[in-house]
Amino acid sequence: MTSEIRVLLCDDSSVMRRLLRATMQSEPCLNVVFEAENGLDAVKNVTRVKPDVIIMDVEMPIMDGVDAVREIRKLSRSVPIIMFSSLTSRGAEASLDAIEAGASDFATKPVGAGHITKAMASVRRDLIPKVLQWSRRGALEQPVPFKYEPRPSENSSPAVSNGAATQPSAAPGAAKASFSSRTSNAISAIGVGVSTGGPQALAKLLTGLPKDLPVPVLIVQHMPPVFTGLLADRLASQTGHQVREATDGDELKPGTVLLAPGDYHMRVSSDKTNFCVRLDQGPAENSCRPAVDPLFTSIAESYGDHGLGIILTGMGQDGAFGAKRLRECGGLVFAQDQESSVVWGMPGQVVKAGLANKVFSIDQMADEVTRLVLAGQPASIT
């Protein structure tokens with residue numbers, strides 16, 4: 001692959017195309033090779049211009065973005081397509097439809113930015129990194145060494161600061177729990193962290209889990225507000241589980257499946273016998289809010305060796321710190337394998353750091369989790 005990244009823009013708004021083109025000119029490696037005014041225009045030209053990345057609007061005349069994704073996937077299964085939609089219910093619904101149709105990722109438009117400078121800054125922050133990441137996906141999937149860095153939550157999580165009792169936290173570097181050394185196999189709570197490729201992975205995981213799973217499941221999916229609520233509704237409809245966005249104070253009960261709302265961290269708080277959800281807008285971690293690390297860390301500190309963390313497909317390294325805390329407190333960590341991940345960034349970081357007890361494909365994950373929760377140990381572990 002050359003250093004030049006060939007970008008195809010597809011948006012019916014000439015103003016938006018001009019904004020995107022001007023912003024991308026600030027990145028020397030990005031070259032806008034074609035501008036399509038609708039989905040059909042993009043479909044007709046994608047084979048000829050051979051883009052490395054496609055940025056796709058959602059609502060357009062003649063052919064919308066969702067139908068364009070379906071048609072482009074008939075021509076190319078590999079070219080990354082990033083949906084670029086407004087932060088509205090309609091935009092979020094269409095973006096989720098596009099992801100189900102084969103789109104790779106999404107970013108939100110800078111609607112209401114008020115000034116061209118702010119709009120360009122929003123594009124640089126939210127869209128350009130994804131264009132660079134997807135065009136260099138192969139290189140990015142090689143995890144960088146995970147470095148342990150103590151954080152404030154290590155010594156004082158919100159649960160602790162609220163006066164609630166938590167199980168003692170192991171010191172950094174404490175011996176990791178293994179299946180053979182565990183004195184109790186009971187799992188009391190499951191945390192799931194996921195990003196790019198998440199909707200499909202979550203649908204597969206939850207579909208395979210029994211509806212009467214005797215433990216709560218808490219999910220952090222990197223998504224903005226509006227998107228997370230719609231995703232929860234879709235997962236409930238697709239999987240039969242009672243999935244919903246978490247609210248502050250939700251009590252954790254068996255069978256509960258809660259999704260962290262966009263722009264809020266989700267943590268577990270406990271008073272020895274009762275466990276509930278706490279939401280907060282603390283600083284973003286790993287450039288994300290919600291982030292996986294706060295959830296995994298709070299599960300480690302609240303449930304100790306009865307906590308399970310599952311890290312699924314996604315870019316970056318969010319979840320690696322939390323996985324380390326889970327292992328230090330005696331909990332278990334499962335990671336999705338590279339072959340079934342859309343992007344092996346987050347699970348790859350955990351695996352390369354030696355933090356995963358086991359690595360499973362997304363098709364295996366639900367069965368192994370069910371066996372662990374119901375029988376105490378996955379069938380594949382002897």
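Modeller: Start with β10 and β11, residues 275–280 for the latter, which pair in the antiparallel sense over 6 bridges. Keep in mind that this is a predicted model.

Colleague: Which residue in β11 is the bridge partner of His265?

Modeller: Asp280 is the partner of His265.

Colleague: And what sits between the two strands?

Modeller: β10 and β11 form a hairpin, with 4 residues between them. In that turn, Lys272 has a positive phi of about 80°.

Colleague: Which way do the residues of β10 point?

Modeller: His265, Arg267 and Ser269 point one way, while Met266, Val268 and Ser270 point the other way. All of these are buried.

Colleague: Change of topic. What is the strand order in the open sheet?

Modeller: The open sheet has 5 strands in the order β2-β1-β3-β4-β5, with parallel pairing. β2 (30–36) and β5 (105–108) are the edge strands, each pairing on one side only. From one strand to the next, the twist averages 25°.

Colleague: How many bridges join β3 to β4?

Modeller: There are 3 bridges between β3, residues 53–56, and β4, residues 81–85, and the two strands run parallel. Within that pairing, Ile55 has Ile82 in β4 as its bridge partner.

Colleague: Which strands does helix α4 touch?

Modeller: Helix α4, residues 89–101, packs on the sheet and touches β4 and β5. The direction of α4 makes about 170° with that of β4.

Colleague: What does α12 reach from its first C-alpha to its last?

Modeller: α12 spans residues 292–303 and reaches 16 Å, close to the 16 Å expected at 1.5 Å a residue. Gly304 follows the helix and has a positive phi, near 55°.

Colleague: Last thing, confidence. What is the mean pLDDT of the chain?

Modeller: The mean is 85, and 84% of the residues reach 70 or more. Over residues 138–181, the pLDDT is below 50.

Colleague: How many contacts does that stretch have in the model?

Modeller: Beyond near neighbours in sequence, residues 138–181 have 84 contacts in the model.

Definitions and conventions: Residues are numbered from 1 along each chain as its sequence is written. This is a predicted model: local features need pLDDT of at least 70, side-chain atom pairs count only at pLDDT 80 or more; totals for chains, interfaces and linings use all residues. Side-chain values use heavy atoms; hydrogens and water are left out. Buried means under 20% relative accessible area, exposed over 50%, partly exposed in between (1.4 Å probe, protein chains only). Two strands pair if DSSP finds at least two bridges between them. Axes are lines fitted to C-alpha atoms, for helices over the stretch in contact, and angles run from 0 to 180 degrees between N-to-C directions. Contact means heavy atoms within 4.5 Å. pLDDT is the predictor's confidence in each residue, from 0 to 100. The expected span of a helix is 1.5 Å times one less than its number of residues.
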